[in-house]
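Please look through the structure shown below, and follow the explanation with the coordinates at hand.

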Amino acid sequence: MESDTIPIIIDSGSKLTKAGLVNGVQPKVVFPSIVGRVRQRSVYIKSGQKSAYVGKEAIIKRGILNKRYPIIYGSVYNWDDMEKLWHHIFYDALKVMPEEHPFLLTVKPLTPSDDLRKTCQIMFETFNAPSLYLGNNASLSLFGANKTTGLVLQMGSSLNYAVPIVESQCLKSNIGVSGLGGILITEHLNEILATKGIKYFSHQELEHVRLMKEQYCSVLPIQKKEQNNLELNESDHNFIKNQKAQLFDSTEFLSIDEKIVFCTEPLFSPQYAEKTIQKIQKSNDFSHLSKKPNFEIGLHQLCIETIHSLPKEKQEIMFQNILLAGGHSMFKGFSDRLSNELLSLFAESKQQINIIAPESRQFSSWLGAKKFASLNNFHDFCLTMDDYDENGPYRGILKFNL
Ligand SMILES: Nc1ncnc2c1ncn2[C@@H]1O[C@H](COP(=O)(O)OP(=O)(O)OP(=O)(O)O)[C@@H](O)[C@H]1O
Ligand SMILES: [Mg+2]
């Protein structure tokens, strides 16, 4: 492959952007999908500095910025910021000329067509992309796992999607959407910390809580019976007893207890996070989504309801091929718990359950996209600049198998 034809893969999530050239083993850059605009124009005009910062730089310079995430709950919220984020990927992070590379951009299941068209328009008209492919992130995750049929549980920061795919065709009208995403568990952990007198509010503090969640939290193997009565074995108790987490901007440490470790329980029993769910529902508008996210059922139920919405003859193969994908599926014990929940519900029947949990699934969409863009005939699936000029974005997006 000529260096100037190497595709660029971008998986922009509501929390994290993963990007890199197709010849990388993993995404070359992973950074927060955050854009910060300098609050006072006079500050950057006088100092000759930039008017906006993206990702880690935006966090470092937070004092002088208004910060926003351009993607919120499955949809692009601010296109100027989205364009800034893409600009940063090309020119600062990957140091490539976008007009020299084909692109593969991942999109979420059920992304509104307006967002798809606008993405095409910016890629071709602003960045002069020679060719573009938009791929459904769940289908790409499945492709990366060498499968063409299965139920992908795509778990990200904002939403989780249960996506049935049959012979590479995504069954869009059967997709299940859950609001029990990464943000919810981070916020729920924050609520638990507040009951211990640790009150965190700022973006930086919440980032600290997110990292604490990723480092210390895991999923119980079976459903907990009562809030304060966890049935743990001795090694679990010892593990928890010895953990201490440093507090934000402090030399003090917090002892990690069972409430903190198992703050993940709402993934299967959402009633434990009632307060956090209400807060998220109140402060977010989900009206742009074609399917309202469900906050009432656990993720095992989401899988079952999605599979049961399919014709009978397709159900068995789905239960046998449940693929976990996305950073939020990385909790220790998550795969076993999901399996236990499903098995206990089907104890009477002969239904086989098989959950596939690839090791690098926090990058599953990016890795699947990389594999797809490495196909010899990848170019045939792309929309070229000529196609776009001839047909425009309305007809252009019909080329993608979304
Ligand atoms: N090791 C880990 N254990 C638990 N959670 C993790 C781990 N690593 C990442 N996460 C969580 O996964 C989420 C990020 O996942 P991912 O990168 O797939 O989402 P995203 O692409 O930003 O969001 P979305 O696809 O919803 O727009 C965050 O909530 C993060 O805290
Ligand atoms: Mg994502």
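Asp249 sits in the loop between S15 and strand S16 (253-255), and although Asp249 is not a glycine, its phi is positive, at about 50°. Most residues other than glycine have a negative phi. Lys95 likewise has a positive phi, near 55°, in a residue other than glycine; Lys95 lies in the loop between helix H3 (79-93) and strand S9 (103-107), and is exposed, with 8 other C-beta atoms within 10 Å.

This is a predicted model, in which local features need pLDDT of at least 70 and side-chain atom pairs count only at pLDDT 80 or more, while totals for chains, interfaces and linings use all residues. Residues are numbered from 1 along each chain as its sequence is written, and chains are lettered from A and ligands numbered from 1 in the order in which they are written.

The chain is divided into domain 1 (1-33 + 70-137 + 363-402), domain 2 (34-68) and domain 3 (176-357), with bounds that come from an automatic or database domain assignment. The centres of domain 1 and domain 3, taken over C-alpha atoms, are separated by 30 Å. The contact between them takes 9 residues from domain 1 and 10 residues from domain 3, two residues being in contact if their C-beta atoms, placed from the backbone, lie within 7 Å.

Both of these domains also contribute to the shell around ligand 1, which draws at least three residues from each of domain 1 and domain 3. Of the 20 residues around ligand 1, Gly13, Lys15, Gly156, Gly182 and Gly327 come nearest, a residue being near if its C-beta atom, placed from the backbone, lies within 6 Å of the molecule. By class, the shell has 5 nonpolar, 11 polar and 4 charged residues; here Ala, Val, Leu, Ile, Met, Phe, Trp, Tyr, Cys and Pro count as nonpolar, Asp, Glu, Lys and Arg as charged, and the others, Gly among them, as polar.

Helix H7 (residues 203-216) gives the most to this shell, with 3 residues; helices (H or I, at least four residues) and strands (E, at least two) are DSSP runs, numbered from the N terminus. The buried residues of H7 are Val209, Met212 and Lys213. Seen down the axis of H7, these buried residues fall within an arc of 100°, so they line one face of the helix, the arc being that of the directions from the helix axis to the C-beta atoms. They pack against helix H6 (182-195) and strand S15 (244-246), whereas the face turned away from the buried side of H7 carries the exposed residues Gln204 and Gln215.

Helix H16 (residues 385-396) has 12 residues, but its end C-alpha atoms are only 10 Å apart, short of the 16 Å that a straight helix would reach at 1.5 Å a residue, the expected span being 1.5 Å times one less than the number of residues. The buried residues of H16 are Tyr388, Pro393 and Gly396. They cover an arc of only 70° around the axis, which puts them on the same side of H16. These buried residues pack against helix H4 (113-126) and strand S19 (383-384), while Asp389, Glu390, Tyr394 and Arg395 are the exposed residues on the face of H16 turned away from its buried side.

Definitions and conventions: A residue is buried if 20 or more other C-beta atoms lie within 10 Å of its own, exposed if 12 or fewer, and partly exposed in between; C-beta atoms are placed from the backbone.
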